[in-house]
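Subject: The two-chain model, with notes

Hi there,

Here is the structure I promised to pass on to you. My notes follow below it, so please have it open while you read.

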Amino acid sequence: MIDQSFVGYQLRPIEYEVCREKIREYVEAIGDPNPMYRDREAARRLGYSDVVAPPTFAAAFSALPMRAMMADAELMRRMGIDPALVVHGSQCYQYTRPLQAGDQLLVDARIDEIYQKRDMGFVVIKADVRDAAGKPVLASITTLIVRGAGK
Amino acid sequence: MSGLATEIKPGTALPNVTKTIDLPRLVRYAGASGDFNQIHYDDGYAKAAGLGAVIGQGMLTMGFVSEAVTNWLGDPGLVKEITVRFVGMTRLGDTLTIGGEVAEIEEGPDGPVAKVVLRCTNQNGQAIVDQCRAMVKLAR
């Protein structure tokens, strides 16, 4: 049983800078041929000032506070979660604007919901990502499933 | 892309995208995403975790799904929302096919928004994701 009192728990915020070479690594791993992710001129033709990152590049930073949480053995013990039993159940990204090279981001995450269904525990983590001016860039909603933590 | 909005209507299908799961790709994705969970590249570790063998990253699958949408639209900045529920695992040697179609078009505050329903299945027709959809603007 996961400790319900952790609903609302704020994870430690993390700063992240989107850089061209990391975008390139990401799109080469995916195998996405779109030149807008590699070639500044191709991105400029569509009105961007620098190369764009694909929407799911958010995976490179949105999960950082959550990974730090999972690596904190003492916190996991207090929450009643065995990290070895955690799987990624679902993921939603909501974008206010596209991601671009040069973006300086702040990822601010909290535990939004904890519930049980059958023999599984569910932990919903919401991360708000803002730019250097404090303007929203995207929101990430991650549902983790903790196998065997339903009771 | 100019003129795109007029070509998209309910029922419009996205071109299918096909992707293979192999170890170099899983290792590259681990490095690119910073997710170094060993269940994605170390067979012994994955076996000990009760998975039998290495499994692909769920977020890699989401990246494939997203690519199917963005390369159909031409402009990745048109994606407002993308949602995936992971229901199947991917294994080394799998070939995934991603496809989808426009379910509806609604008028949003900044113009028309299409709801696109998406699928990702392996070579045996098994679903890797469900409740998978994207909301996309038809003009920036």
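How many bridges join β1(A) to strand β5 of chain A, and in which sense do the two run? There are four bridges, and β1(A) runs antiparallel to β5(A), which covers residues 104-117. Within this pairing, Glu15(A) has Leu106(A) as its bridge partner in β5(A). Before going further, please keep in mind that this is a predicted model.

**Along the sheet**

The hairpin of β5(A) and β6(A) has two residues between the strands, and Arg118(A) takes a positive phi near 50 degrees in it.

**Where the chains join in the sheet**

The crossing from one chain to the other is made by β3(A) (residues 86-95) and β2(B), which run antiparallel and are joined by five bridges. If you want a residue to look at, Tyr93(A) has Ile82(B) as its bridge partner in β2(B). As a reminder, strands of a sheet pair through backbone hydrogen bonds, either parallel or antiparallel.

On the chain B side, β2(B) pairs with β5(B) (residues 129-137) in the antiparallel sense, over six bridges. Val79(B) has its bridge partner, Val136(B), in β5(B).

**The interface as a whole**

The contact takes 31 residues from chain A and 32 residues from chain B. About 2,600 Å² is buried between the two chains, and carbon and sulfur atoms give 53% of that area. On the chain B side, Ala32(B), Met59(B) and Pro76(B) lose the most area to chain A, together 19% of what that side buries.

What about the polar side of the interface? Between chain B and chain A, 14 residue pairs are in polar contact. The count of salt bridges between the chains is one, and the side chains that meet in it are those of Arg28(B) and Glu28(A), at 3.5 Å from N to O.

Three elements of chain B, namely α2 (23-33), α4 (58-73) and β2 (79-86), each supply at least two residues of the side that touches chain A. α4(B) gives the most to that side, with nine residues. By class, the chain B side has 12 nonpolar, 10 polar and 10 charged residues.

**Chain B in outline**

For orientation, chain B has four helices and five strands. Along its sequence they follow the pattern α-β-α-α-α-β-β-β-β. Taken along the principal axes, the C-alpha atoms of chain B fill a box of roughly 50 × 30 × 20 Å.

Best wishes

Methods:
Residues are numbered from 1 along each chain as its sequence is written. Chains are lettered from A and ligands numbered from 1 in the order in which they are written. This is a predicted model: local features need pLDDT of at least 70, side-chain atom pairs count only at pLDDT 80 or more; totals for chains, interfaces and linings use all residues. Side-chain values use heavy atoms; hydrogens and water are left out. Contact means heavy atoms within 4.5 Å. Buried area is the accessible area (1.4 Å probe) that two parts lose on being put together, summed over both. A salt bridge is a side-chain nitrogen of Lys or Arg within 4 Å of a carboxyl oxygen of Asp or Glu. A polar contact is a pair of N or O atoms within 3.5 Å; within protein, one must be able to donate a hydrogen and the other to accept it, and residues adjacent in sequence count only if both atoms are side-chain atoms. Ala, Val, Leu, Ile, Met, Phe, Trp, Tyr, Cys and Pro count as nonpolar, Asp, Glu, Lys and Arg as charged, and the others, Gly among them, as polar. Two strands pair if DSSP finds at least two bridges between them.
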